[in-house]
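Please read the following report alongside the sequence and the coordinates.

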Amino acid sequence: MLLERGDTAAAREAMVVAKPLAGGLSTRETSHIAFFDLLAAGDSEAALSALPAHLNAWPRDALVLGTAAFTNGLIGSSGRAGQKRALLDLLDGLGSSYGDDWWFIAHHGMALSESGQRDAARPKIDRSFAQNPSNPWAAHARAHLCYEDGDPNAARGFLASWLTSYPRNGLLYSHLNWHLALGHLEAGDAAAALHLFREAFSPDVHSGPPRAKVNDAVSFLWRWELAGHPRDAEAWRMMHDFANSALPRAGVAFSDMHVVLAQAVAGNDAALAVRVQQIDELARAGRYPSGPFVPAVSRAFSAFERCDFSAAIDALEPIAGELERIGGSRAQLDLVEFTLLKAYLSEGRMDDARRLVSVRRLGPSGIPVAGLASAH
């Protein structure tokens, strides 16, 4: 629970207390504790290596599976190529052990959606809801499915209704409001989107752990600008200060991407250079599997801020086909793809903009990037 809330120091202290008490436990319990010891110590590679053997022996140890079953979990943050497929393979293999369990099929449906199998995802998500209508993981999976279907009005209608009965301090409350705000942006209701940012998922009101606070707020502010709306300088100053305080060192690629974006917008080149250096050092030590991807994105964000759109394009084009290695969902990684699209438009490269749109998955039906209509 401490790890879920982002309090790694307290989680490590809890493990120090737990380990001496493990004598005489069953083999399953011993393996369970050893797995969480690796996770609490920050050795995600070792934890990821230990995961298959543990789940092969005890497939219904849902607490262990829960660390990897969601999009930004242990597998989704691994920095490896093909991680979405790897997560789906894991859940496919465990399906017979869980049957129609509402928690499991919500995650399974989400993994199917993220792998482009929307028709297979939909009945699993629907069955999860039928069993437990207050299930936030199924709500999250349905929000993603609406996004991938290119149906912002379905997402808006569903989330606006469902969130009225979900506790404001629920782990996913603010992130689901981020999804609702994306639906408003896509549908052209900028005022409603900005209202949700201020009232539901800015850092001072966000219900999730520090990483989620950084990811959701930074992503929204950038997508807000890509959609053609004016910069909220005060909000960006707040996010820069919060991101650097909450996540002072590099570690998880997906969050690092949002930190370097906040630093680029602030013009804090020194802090950005330090973050990239930390990433390089971790990569050389074999502890940053996504390698050069976040540094490439940081160069693109800095170039974009300087209005050097050609340099931003040069930084993003080589990695555009492998963005999953940064981590995050397809919807979250559209932050990068929309930045590339806006750079094409700003550089007057309309053919490239049209090509990028033509090869995209379905996704948002009205891509919220200003100037795209001129390319069409």
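## Surroundings of a histidine

Leaving aside residues up to four places away in sequence, His184 touches Arg156, Asp189, Ala192, Ala193 and Leu196. The model in which these contacts are found is a predicted one. His184 belongs to helix α10, which covers residues 173-187, and its side chain is joined to that of Arg156 by a polar contact of 2.9 Å.

| Residue | Relative accessible area | Class |
|---|---|---|
| His184 | 12% | buried |
| Cys146 | 10% | buried |
| Cys307 | 55% | exposed |

His184 is classed as buried because its value of 12% falls under the 20% cut-off. Cys307, by contrast, counts as exposed because its 55% is over the 50% limit.

Turning to helix α18, this element runs over residues 330-346, and its 17 residues reach 24 Å from the first C-alpha to the last, close to the 24 Å expected at 1.5 Å a residue. Even so, α18 bends by about 30° at Val336. The helix is mostly covered, with 15 of its 17 residues buried, and just after α18 comes Gly348, which takes a positive phi of about 75°.

As for the cysteines, how many disulfides does the structure hold? The number is zero, where a disulfide would require a pair of cysteine sulfur atoms within 2.5 Å. Cys146, at 10% relative accessibility, is buried, whereas Cys307, at 55%, is exposed.

Technical notes
Residues are numbered from 1 along each chain as its sequence is written. This is a predicted model: local features need pLDDT of at least 70, side-chain atom pairs count only at pLDDT 80 or more; totals for chains, interfaces and linings use all residues. Side-chain values use heavy atoms; hydrogens and water are left out. Buried means under 20% relative accessible area, exposed over 50%, partly exposed in between (1.4 Å probe, protein chains only). Helices (H or I, at least four residues) and strands (E, at least two) are DSSP runs, numbered from the N terminus. A polar contact is a pair of N or O atoms within 3.5 Å; within protein, one must be able to donate a hydrogen and the other to accept it, and residues adjacent in sequence count only if both atoms are side-chain atoms. Contact means heavy atoms within 4.5 Å. The expected span of a helix is 1.5 Å times one less than its number of residues. The bend at a residue is the angle between axes fitted to the seven residues ending there and the seven starting there.
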